[in-house]
Amino acid sequence: MQLKTKLTISMLTALLLISCNKKEIQYEDPLLTNRDTTLIPGDNFFYYANGGWFKKHPIPSSESSNGIFRTIGDTINAQIKSICEKSAANKDAAKGSNEQKIGDFYASGMDTLSIEKVGLKPLAATLSKIQGIRDVPSLMNTMGYLHTIGAGPGFSFYVGQDDKISSKNALFFGQGGLGLGNRDYYFNTDAETVKIRTEYVKHLQAMMELTGDDATKAKNAAATIMKLETELAKNSRKLEALRDPIRNYNKMSLAQFKAATPSIAWENVLPQLGISKADTVIVGQPEFYKGLDKLITTFSIEDWKTYLKWDLINSYASYLNNAIETQNFYFYSTILSGVKEQKPRWKRIVEQTDGSLGELIGQVYVADYLPKGSKEKLLEIGNNIRDVYADHIKKLDWMSEETKKKALFKLSKIVMKVGYPDKWKDMSSVSIARNAYCENVIAVNKWSYQDMIKKFGKPVDRTEWGMFPQTYNAYYNPSNNEICVPACNILVPGFEGRMPDDAILYGIIGGSTFGHEITHGFDDQGSQYDDKGNLNNWWTAEDKAKFTQKTKAIVAQFNKFEPLKGKFVNGDATQGENIADLGGVVMGFEAFKKTAQYKNKEKISNLSPEQRYFLAYGYAWMVQAKDEYIGRQIMTDVHSPAQFRINGPLMNIPEFYKAFNVKEGNKMYLPEKDRVVIW
């Protein structure tokens, strides 16, 4: 799943240590001030709950959206900036220390003079390697090498848990290699997508000119790249088709993989990918590789060299000189997301330093910025959500006792990684220089790739985290049957210096975080994995059929939502997140009902406990986005736009109807027979 005010350390600590008499609120209550009371809650709760805030906080020209994620992100960025600047100021930090690496990485990103001076030199050796390609074997070997340094041409590859043997790491090959990311960009015929394709070709030409090609050569190169990527896209599956873990799990021997792609000597490519011995691979989309095998010989070696050059430059455009970085921003941010100007450089470099060295920054963040008791409070909420989830499963009227028993067992085995990891990854081998920004990014990319590749052939480390404690997000990993909720999820803007009331804690942290992530274990994908994280059917046939009918109902609901004129939510592609949102808000409310605030019917700011809970849930997804961003989200994201992450689930919840007097005739009203109840 798949984030205001700045918080000081003392304020953050007070967030969990100071309580107040809720009947004597002396602070501005954001649940009141965020609202737009000119609207009817039952017509559009998203804007009723958040419209007041949106009016006061228009989307900045440097952003594609604005809201709670951006506000908390700014708070965290300010803290990370302090860490970076303090580290950068200590030029005498011990070589190889965390402080030296953080400080020098940040300083190198801020050193625009050095970046301009070196130009494309950081990529010169790799560009020369591409230029040296002479035949199909050297083409594929070079393509494999590029994956090890952070590029991704031709296909996707990674080492991860075998979906059917979760204790084992396996080799995965999937579709990829598209500069536009999603195959539909290459084929949809609506005016917006046609315009994006036109702008993409212009962008390709501009970028090739910036790398030294003359106008004619660059124009021809752009046409070649677009043609090649379009062919790759033809063999790629749609976003919704990628959600089926069974269909996208095709284990085969290396000999079978080679037989299906006779033009590619995988026994030579795998060593370039860092794999010395392999007998089996898992191919997500076999038809993609059959197509790739043909394209290897259909397009000339020169065509492929042009494409590989583009993929490399595109992968590192943000870390090169100003002209390339600006052109890259224009297409990927302005054209695709509607962002008119870049963020200040310090913010971009702070975010990149965190993205590259977040494992090191996280250690400082936990020690210096994390409120004491955060881990314990988060775990308390998570366990309460799990308890009510068990109660709900026991009372389901559509599930047999046999399947309930297995569902409850899986629920009991969900591991909660909360706050921060007990051990940090070892980045001691990464060398960071003070005046070599692009080289630093390459060094970290190489380390990250090696950190992944070394797992092959070793038992799965189930203690490993996939997020940093300073990342305002969370996830469910079906192969580990675990959820991860980083520490900064404890932050609730507007409640600095005081403990949020339980309605807010359970609406935001309970419902949209813990409840949401736990439900992923029982959504259309997660429900296909057992308690050990193996792709294994634990359902009776009758129960599975009933569950599928319920998921079809939520798909049908979301297919009707129209974020932009003529553009509808993809209910199939987003169903997992929509199921998780519905389950999350239900479980958060059930856990909230066990608190004293709910039981005592305690009003705060003249809002009932129920009203505060649902307003808090609305606050959790207080995100206003530009049309271009929403258009891109509809095509490429498995999450629905924020408006429907609020309105969609709430339309199915009777307690919401009662809390805000939603009646027939209101736009959000659904007859009881049409309301979806899953978990």
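In the predicted model, helix H4 (residues 68-89) packs against helix H5 (residues 98-110) at an angle of about 100°, with the axes 7 Å apart. Helices are DSSP runs of H or I with at least four residues, strands are E runs of at least two, and both are numbered from the N terminus. Axes are lines fitted to C-alpha atoms, for helices over the stretch in contact, and angles run from 0 to 180 degrees between N-to-C directions. H4 is therefore roughly perpendicular to H5, a class that covers 65 to 115 degrees. H4 contributes Ile-83, Cys-84, Glu-85, Lys-86, Ser-87 and Ala-88 to the contact, and H5 contributes Glu-99, Ile-102, Gly-103 and Tyr-106. Contact means heavy atoms within 4.5 Å. The residues of this contact comprise 5 nonpolar, 2 polar and 3 charged.

Residues are numbered from 1 along each chain as its sequence is written. Local features need pLDDT of at least 70 and side-chain atom pairs pLDDT 80 or more, while totals for chains, interfaces and linings use all residues; side-chain values use heavy atoms, without hydrogens and water.

Salt bridges number 39, each defined as a side-chain nitrogen of Lys or Arg within 4 Å of a carboxyl oxygen of Asp or Glu. Arg-70 pairs with Glu-351, with the closest N and O atoms 3.8 Å apart. Arg-70 lies in H4 and Glu-351 in helix H16 (residues 345-368), so the bridge ties together parts 281 residues apart in sequence. Arg-70 is buried at 18% relative accessibility. Buried means under 20% relative accessible area, exposed over 50%, and partly exposed in between (1.4 Å probe, protein chains only). Glu-351 is partly exposed at 27%.

Glu-287 forms a salt bridge with Arg-237, with the closest N and O atoms 2.6 Å apart. Glu-287 sits in helix H13 (residues 286-298), and Arg-237 in the loop between helix H10 (215-234) and strand E4 (251-253), 50 residues apart. Glu-287 is partly exposed at 31%, whereas Arg-237 is buried at 8%. Asp-451 and Lys-454 also form a salt bridge (3.5 Å, N to O). Asp-451 is buried at 10%; Lys-454 is partly exposed at 46%. Shared partners join Glu-63, Arg-70, Asp-74, Lys-343, Lys-347 and Glu-351 into one salt-bridge network.

Helix H14 (residues 301-316) is largely enclosed by the rest of the structure, because 13 of its 16 residues are buried. Asn-578, in helix H22 (residues 571-592), is buried at 1% relative accessibility. Beyond neighbours within four places in sequence, Asn-578 contacts Ile-554, Phe-558, Gly-571 and Ser-640.

Conventions
Angles under 35 degrees count as roughly parallel, over 145 as roughly antiparallel, 65 to 115 as roughly perpendicular and the rest as oblique. Ala, Val, Leu, Ile, Met, Phe, Trp, Tyr, Cys and Pro count as nonpolar, Asp, Glu, Lys and Arg as charged, and the others, Gly among them, as polar.
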